[in-house]
Amino acid sequence: MSQVAERHGTFVDAFEAFRTSSGFGPEWLRTARAAAFGRFLEQGFPTTRDEEWKFTNVAPIAQIEWQGAAAQISVINRDLPDGVTISTLREAWATQPALEGPSLKSDHPFVLLNTAFFEDGFFIHIAPKTVVTDPIHLVCVAEPGDAPVMIAPRIFVVVGEQAQVSIVERYQGRDGQPVLTTAVTEFLVGPGAVVDHVKVQQEASSTFHMASMFVHQHRASTFASRAVTFGGRVARNDITATLAGEGAECTLNGLYVADGDTLVDTHTTIDHAQPHCPSHEVYKGILTGKAKGVFNGKIIVRPDAQKTDAKQTNKALLLSGDATINTKPQLEIFADDVKCTHGATVGQLDDTQLFYLRARGIALADARNILIHAFASDVLNGIRHDAIREELEVALVQKLHLPE
Amino acid sequence: MLLEITDLRVKAEDKDILKGLTLSVNPGEVHAIMGPNGSGKSTLARILSGHPGYEATGGSVTYDGKDLLDMDPEERACEGVFMAFQYPVEIPGVNNQYFLKAAVNAVRKYKGQEELDAIEFIQLIKEKARLLEMDQSMLNRAVNEGFSGGEKKRNEIFQMAVLEPKLAILDETDSGLDIDALRIVANGVNALRSPDRAIIVVTHYQRLLDYIVPDFVHVLSGGKIVRSGGKDLALELEARGYGWIDDAVGAQA
């Protein structure tokens, strides 16, 4: 134990200092933080011997002495319609009942760190039957400091019965000293509610983005997420969606693009706990340089979850000889009347398609550009906000140094 | 002379396929290339279009005074060479109309012309789409994705109509077509016949030549043109089969 404590010495000192500050929160949160930090110290950082971290080495994170810093997270909407409440988490925990979402049950090391250290973030509440037409934008900026800093942004969203909302989360940052972003986002989706979620991660290549999202869906609710990840030194997204009510529908789509020496890792779990729930998952990766991609898609079908219809696809496009991808579907099915399909493909740009385009006069570089966009299109086209989609198409071109 | 092929030798997958093919094509002419399976018909079409799987090991191809074999596929297309694919390629995620606009503008840019804007482009393709009986839904779908065999071939000729090449090569455009689709495709090709455009029709069957009447018919066998004639040669082949040609060539040798 003393050895572990020494290894996490800076965290222990920081936690002791934080414990006496006003930001440590009310009783329920103090208890949750102490438990989370205790579990983190017990476990320590994972190693590649841990199945969940087999291809993603976090030793570089463990070796850095991180300073705490407040997460710079803001809501950029000016006018919010009636029925929408957005408050800082500090305000929320003073006025709301305990915000005990699924994250507090997680043993994920970076969720534990976030729970122990988050100072602020946002609580978003959409009242029942409220239809919010304009998306709510949250922007988190990972600003490098003089020394490596850890930020712990946290977003807690409660969507009331039959309400409808679109939430956009963006993570941005500049190059400089390393930044460790331990983001935690939670969605409690009420019965019949409809949620559209977009996450855009565009931090610097010196950033470690270790994010977890938890989605808890009640009956007949719909949750659709499109996550676009442009990588970092390590960008890891863990998504856990629990279909806890009959007829809930979940879509988890994502596009990850990585170049240079970066790594993008996506671990998803869709937990079918109730019958008649469809889930759809399409993840596409474009990797170049020496970039590494990891995709692990777990689908659990519980004994009660008859008539589950789960589809999962992971496709990776490798644009260089040194880029690699590790992809693994993981199905755990305990019900007998279900449909579960999964497929993974890994490949280069198709030569016959390239030739077809060139044979019509389109230059090789432009033909490659067209095919790369086509590959990304079924994820990007699902983003309903035109301005964001168009911006991401431009970002894709710049990231891959394609002709404009 | 638009196209001058001299003693052309071509290799694919380490096999010699064309073994000294010579052919001259003038503007305004329609040449049919016929021959049994494996005679090298499609190889000829593909080497002319710049297909990366085919390598010229000897001879020359001069197109419009330039060395065709020295050009990239896109350069050939921009110079006015068009091949209608035997097996048109499906490209999921790329809208058919978007693709065609990219092609038209690539060719225009190459020629130093202004690129077409969206409205000018729609005007350009409207009439050609009617010619090939292409409806709007075919234009809005992904390139060839989920198209029937007939739709794919119509899409090829539609592209040809829009790009207005100087030299069009139809690689077994008739294969797999029912008679209605064949008529539509042939009408499209005939509408494009003009004194300054040459067309090479590669086909296994004479049937297409009832609709696209050639000026010359060449029979390819064993990687060479073994017989050339007028349109009656196609009828003779249809009546007597390719075996007759092989026998005749064998007798000569």
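Author: Buried area is the accessible area (1.4 Å probe) that two parts lose on being put together, summed over both. Between domain 1 of chain A and domain 2 of chain A it comes to about 1,000 Å², with 65% of that given by carbon and sulfur atoms. On the side of domain 1 of chain A, the residues that lose the most area to domain 2 of chain A are Arg170(A), Arg226(A) and Phe230(A), together 46% of what that side buries.

This is a predicted model, in which local features need pLDDT of at least 70 and side-chain atom pairs count only at pLDDT 80 or more, while totals for chains, interfaces and linings use all residues. Residues are numbered from 1 along each chain as its sequence is written, chains are lettered from A and ligands numbered from 1 in the order written, and side-chain values use heavy atoms, with hydrogens and water left out.

The domain assignment, automatic or from a database, gives domain 1 (2-245) and domain 2 (350-404) in chain A. Their centres, taken over C-alpha atoms, are separated by 32 Å. Each domain puts 12 residues into the contact (heavy atoms within 4.5 Å).

Two salt bridges are found across the interface, a salt bridge being a side-chain nitrogen of Lys or Arg within 4 Å of a carboxyl oxygen of Asp or Glu. Elsewhere in this account of charged side chains, Asp196(A) and Arg384(A) meet in a salt bridge at 3.7 Å, N to O.
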